[in-house]
Amino acid sequence: MKNSVRLSSMGVSILFIIIFAVLFTFGSEWYSNKVKLENLAYRERVLHNDLEHLEVVGKWTLDYVKIEKALTYMLGDRISEVSFRILAEQLWQISQSYSLDPLIILAVVAQESRGNPMARGRFQSGRFSGALGLMQIKLETATKMGRRFGLIVENEEDLMRPEVNVVVGSAYLIRLIGKYGNLREALVAYNLGHSAVDRLLEKSAPLPTSYYEGVVAKYKDLVKHCSF
């Protein structure tokens, strides 16, 4: 009888040891798998972030190349290499800062001056309108806009510099987009002046669309030419 009890107690001990070993093995395996899954999840997050970063960098690069292609297509050799590089960089910075397609700005350039950095605007009578350069900005407007971001525009010669003209013109266009909340009215105001557009809107009168349609046509042409 005593031997039987001793065997039973020994069996229980062995069973306990076996259960403990199984639980320990299971726990170790579970923890090991948990660590592996956490490491895998971490690597996946890192890879995802890297891919997102590469996607952003890739978009930036494509945007810059698109700007270069558009400038070459529109301006050719009418500006110096230095001005070309400065202008490309400025357009890229503007497009990133304001989420504005740079080809929209260049479509305005095409509509306003046909890419002529020395363009001087004329009324139908032939009299000088005061509009100058690539984006046909008037000196008074350029001086006011320049003050907002520390760019000094003192005379007409300053506005004949593409890197000055396009920055000021872009700032003015972006301001109009902010004022009207849409590109169509902003472009009409860029052409007619915001006071004229305000008067038409107050009267609920239709806005002339020929200028807007011209810019859109130029934009589509640039998109087609600069597509990859």
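Colleague: Where does Asp158 lie?

Modeller: Asp158 sits in helix 5, residues 156-159. Helices here are DSSP runs of H or I with at least four residues, strands are runs of E with at least two, and both are numbered from the N terminus. Bear in mind that this is a predicted model, where local features need pLDDT of at least 70, side-chain atom pairs count only at pLDDT 80 or more, and totals for chains, interfaces and linings use all residues. Residues are numbered from 1 along each chain as its sequence is written, and side-chain values use heavy atoms, with hydrogens and water left out.

Colleague: Is Asp158 buried or exposed?

Modeller: The cut-offs first: buried means under 20% relative accessible area, exposed over 50%, and partly exposed in between, with a 1.4 Å probe and protein chains only. Asp158 has a relative accessible area of 14%, so Asp158 is buried.

Colleague: And what does the side chain of Asp158 reach?

Modeller: For a polar contact, look for a pair of N or O atoms within 3.5 Å; within protein, one must be able to donate a hydrogen and the other to accept it, and residues adjacent in sequence count only if both atoms are side-chain atoms. Here the Asp158 side chain reaches the backbone nitrogen of Glu154 at 2.8 Å. Contact in general means heavy atoms within 4.5 Å. Setting aside neighbours within four places in sequence, Asp158 is in contact with Ile152, Val153 and Val164.

Colleague: Now pockets. How do you find empty space?

Modeller: Rolling a probe the size of a water molecule over the atoms shows where empty space is left. In practice, on a 1 Å grid over the protein atoms alone, a pocket is an open set of points where a 1.4 Å probe fits, with protein on both sides within 12 Å along at least five of seven lines; lining residues have an atom within 4 Å of a point. Grid points are joined across faces, edges and corners, and the volume is the space filled by probe spheres set on the points. The largest pocket has a volume of about 740 Å³. Its lining has 27 residues, of which Lys138, Thr141, Tyr172, Tyr190 and Gly193 lie nearest the centre.

Colleague: Which element gives the most to the lining of the largest pocket?

Modeller: Helix 4, with five residues. By class, the lining of the largest pocket has 11 nonpolar, eight polar and eight charged residues. In that scheme Ala, Val, Leu, Ile, Met, Phe, Trp, Tyr, Cys and Pro are nonpolar, Asp, Glu, Lys and Arg are charged, and the others, Gly among them, are polar.

Colleague: What about the second largest pocket?

Modeller: That one has a volume of about 180 Å³. Its lining includes Ile94, Tyr98, Met145 and Phe149. Helix 6 provides the largest share, five residues. By class, the lining of the second largest pocket has seven nonpolar, one polar and two charged residues.

Colleague: How do I read aromatic pairs?

Modeller: A pair of aromatic rings is described by the distance of the centres and the angle of the planes. Rings of Phe, Tyr and Trp (its six-membered ring) pair if their centres lie within 6.5 Å; planes under 30 degrees apart count as stacked, over 60 as edge-to-face and the rest as tilted. This structure holds one aromatic pair. The ring centres of Tyr172 and Tyr190 are 5.6 Å apart and the planes are at 45 degrees, so the pair is tilted. It links distant parts of the chain, with Tyr172 in helix 6 and Tyr190 in helix 7, 18 residues apart. Tyr172 and Tyr190 are both buried.

Colleague: To finish, how many helices and strands does the protein have?

Modeller: Nine helices and three strands, following the pattern α-α-α-β-β-β-α-α-α-α-α-α along the sequence. Of the 228 residues, 33% are buried.
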